[in-house]
Structure formats: structure tokens, C-alpha cells
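Have the sequence and the 3D view open as you read.

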Amino acid sequence: MFRKLISTVIATTLVSVYTYSLEWDPRLNDIYVYLEPANVAPGQPYWCLIKAIYQDEHESGGNHNIYYTVLDENGNPVANQEVFQGWPSGQTSRPTNEQGQTDIPVWGNNWCPVTGPGPYSAWVGGLPSDKVCGMGMPCNLHVNYLLTWKRTIKSAPSGSGTISGTVRDATTGGSINNAAIEVKQAGTVKYSAYSGSDGRYSVTVAAGTYDVVASKSGYNMETKYNITVNENQTVTVDFSLTPQTTQDTTPPPVPALISPADGSSTANPTPTFTWGSVSDPSGVTYSLQVDNDISFNSPEINVSGLTNTSYTPTTPLTANTWYYWRVEAVDGQNNHSGWSIKRKIFISLPSPTTSLKLYPPSPNVLDLNTIHTNKVLLKYAVPATDEVELKIYNIAGELVATLINSVKSKGEYNAYWDGKNLMHEYVSPGVYFVYLKVGDTVKIEKIVVIK
Ligand SMILES: [Ca+2]
Ligand SMILES: [Ca+2]
């Protein structure tokens, strides 16, 4: 009973490794015969045992031999191939014949299987070879062992599979290069790899169950648990890594207003508003409101997302109007500082721009019949302190009167012509010209004198 149990365990082990080709007589297990697999690297040729038949004392025909058959990769006999038989104190060998066969006898040696495996083993020379061990004449019975080897290329390690997939950015969907992949069991890294520029990775692992971890600087680590990989199986494990963001719940400081000064006045309808910068770990933008309503219910300017600490309106504010303005800062996580204190600014009327002017004479028709009650008003403007000449010429270009010939400062002035010439006589009816010269600039108006 004990022997049966042991044999079953051995048989199960052998079958799991050699399922693909080995025909193994189960009675061999009953007498402790076992297989010692060749020690051979994957991809290398070796002698692979494909058949082991037992002939008991009723089937053996009275013989007590090991019968060897040696085949090549295609199953054809290999002639003159040396085969071996070993025992604890020595070994012998023989070449195969044209049928790829030979045989070597075994002897009694007082072996009974109840004590364990028999003394003889068998293998093929020239290459690594599977070895059949534990043979002999059980309790001196005449039995045979019929063994067949086939030259075979060692396959990849049994029991391996692949974990592969792609690592992507969860936000953009773009592939992540050089992400670290760790394949763990019970917290211990068993295998590792890195993703390529296309985000792909591939890891060859022993069949089993793993946790697979993807990590990359700037991203949150991601773990896929309990990934089971079977022999020769490729399991796809994709990752979608979330970029790291430090959660910011603290509002930025409230900005301080700089200019225009509170309560100031300007004739510029597009004044530049300026405030102090503030900083925040998640970054800052600014919002500006300008409103003629102190409650900011109808802002004429309402801009946000400003990265500069100043803003110049693109459309003019209304003149002769008070405006209120305020600023707030908003950080990268949309936390608002709250509005600053407000300031007010007055947009004044445009200041009169004084340029050289000669207004039309009033009246511009002078009646000599009423001249004693009616002078001509000559109004003019001087833009800056300068020499001023105001004269009357007749149509022939002759000077009639000099009304002003002096330096005047900036401003508007009134002068009068009483219709008289240089000799203080009334002029004749006709066309006369008012000649204003300030610096190098001349203005001329016309007066008609009638009677
Ligand atoms: Ca903040
Ligand atoms: Ca408004």
C-alpha cells in the first residue's frame, strides 16, 4: 500500500512534465522505476524519452534485458548511436543497429522492489539524455524494459507565461515612456520591466498569481491585483496613470490695489489699473471689475484669468463719471481670495486743448452808418506764450491797422476793431482782412465794410 502511494506521486509528477509525448507503463511505478530528466537548456537538442514499456515475467519470454530504441527528430532510427547502462559500481555501452536498436541484460543482484529502486539505469550518449533509473530483476524475476528515446529540441521552460500591456496617461490618453513595471508576489518584486516609447511593456513570468504595479514620476502609482498567468498564456494588463496633483484648498492672498489712487481724477478714459502680485502654490490669475455702480451690479469692465498685475481698458470709460474698481486673485484650484477693498476714480471731461484760433469776426459786416455804436469783436486763442500780431489789411495788401503787437501767454483774448485806419480815420467801404500771426502761424478772417 505504501509503495503504491509513492509510485502514484512519482507518476503524477512525470506526467505533468511530459504530457506531450511520454508513454510510460504505469507498472514501472510499482517497482520504483523512475525518470531522471536530462539537464538541458531550452533550445538545445537532447535525448528525450518518449516510451517506457515494462514486460513482466509472463511477457518477457524469459529474457531480462533493457531494449533500447533511438530515433532522430523525425522519428527515424539512429544507427551506431552509443547507449549506456549504468549500475552503482560501473557502466557499459553499446551502439545501436540499423534499426536504431540494441539491448543490454540486467541481473538479479538480490533486489526486491520493496526496498526501493533497482540498481540499473539507462541513457543515450552524445547529448544530454533523459535517464531511466531504478531498473533490475525484481525479486530475481525475468522482466524486460523497452525504452525509446527521440532526439528533441528542448522547449522553453515549462510553466512560463507573459504579462504585457500598455501604460497610458489617464488625462491625455497618451502613452507613457519608461514607466516602471513591477511584478510582485506577497509584496516581493519577482520581475520588473519598463514601458517603451509606445507605452508597451512585456514581462515573462513563471505561471502563478501576481500583483502588477506601474509607477512613473509625476503620476499616481497603480496596482492591478491577483493577475493569474497560466503556462504559455499572455495576460494583458493595461495601466492608466493619473497625473499627480496636490490638492490645494487654500485661497491665495487678497491683492492690494496700487493705482490709480483712491479718489483720484483723470481725463484719460482708459486709465491703467494696477495692483500688487500675490503667489500661490497652484498658481494665480486675477479678476478685475470696474463699475459706475458702487455695488458692482453692472460692471463696465469684468475680466478674469489675467496673468498680469495691470489692465488697461480697451473701450473708453464715460467722462464726468465716478467709477469703482476692485481685484481678486484666483488660484489654480479655483480658490478665490475674495475681492479687494474698492477704490474710486473720476473720469473727468477732456481738458480743453488750446490751439491757435481766430474766431470769425463779430460782426463780419461792418456798417459805417452805425460804426460809432458797433465795433468788431476779434476773438483769438494763443496756445503758448508767444509773440502775437493782430492786424487789418485792405484788399490791396496795405496795412490798415495794428491792433496787437506784443507777447501773450496761453489763453483766449478779445480784441476790437473800430473801423479806423492808422490815421484814425474810418476806412472806405470794401473788403478787409484780419491777420493773426502767433509765432510762425497765421490765421486770416474777412470783414466787409459797407455804408
Ligand atoms: Ca491656494
Ligand atoms: Ca455700471
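Predicted model: local features only at pLDDT ≥ 70, side-chain atom pairs only at ≥ 80, totals over all residues.

The mean pLDDT of the protein chain is 89, and 94% of its residues reach 70 or more. Residues 1-20 are where to be careful: the pLDDT there is below 50, and beyond near neighbours in sequence this stretch has 14 contacts in the model.

Next, take a look at an open sheet of five strands, ordered 2-9-8-5-6 with antiparallel pairing. Strand 2 (34-36) and strand 6 (90-95) are its edges, each pairing on one side only. From one strand to the next, the twist averages 25°. Strand 2 runs antiparallel to strand 9 (residues 131-135), and three bridges join them. Here L35 stands opposite V132 in strand 9.

Now for the backbone. Most residues other than glycine have a negative phi, and most peptide bonds are trans. The table lists some exceptions.

| Site | Feature | Angle |
|---|---|---|
| S259 to P260 | cis peptide bond | omega near 5° |
| S362 to P363 | cis peptide bond | omega near -5° |
| N178 | positive phi | about 65° |
| N320 | positive phi | near 60° |

P260 sits in the loop between strand 19 (257-259) and strand 20 (264-266), and P363 in the loop between strand 27 (357-358) and strand 28 (365-367).

Are the two asparagines buried or exposed? N178, in the loop between strand 11 (160-169) and strand 12 (180-185), counts as exposed because it has 12 C-beta neighbours inside 10 Å. N320, in the loop between strand 24 (310-311) and strand 25 (321-331), has 9 such neighbours inside 10 Å and so counts as exposed.

How values were computed: Residues numbered from 1 in each chain as written. Chains lettered and ligands numbered in written order. Pairing = 2+ DSSP bridges. Helix = DSSP H or I, 4+ residues; strand = E, 2+ residues; numbered from the N terminus. Axes fitted to C-alpha atoms, helices over the stretch in contact; angles between N-to-C directions. pLDDT = per-residue confidence, 0-100. Contact = placed C-beta atoms within 7 Å. Buried ≥ 20, exposed ≤ 12 C-beta atoms within 10 Å, placed from the backbone.
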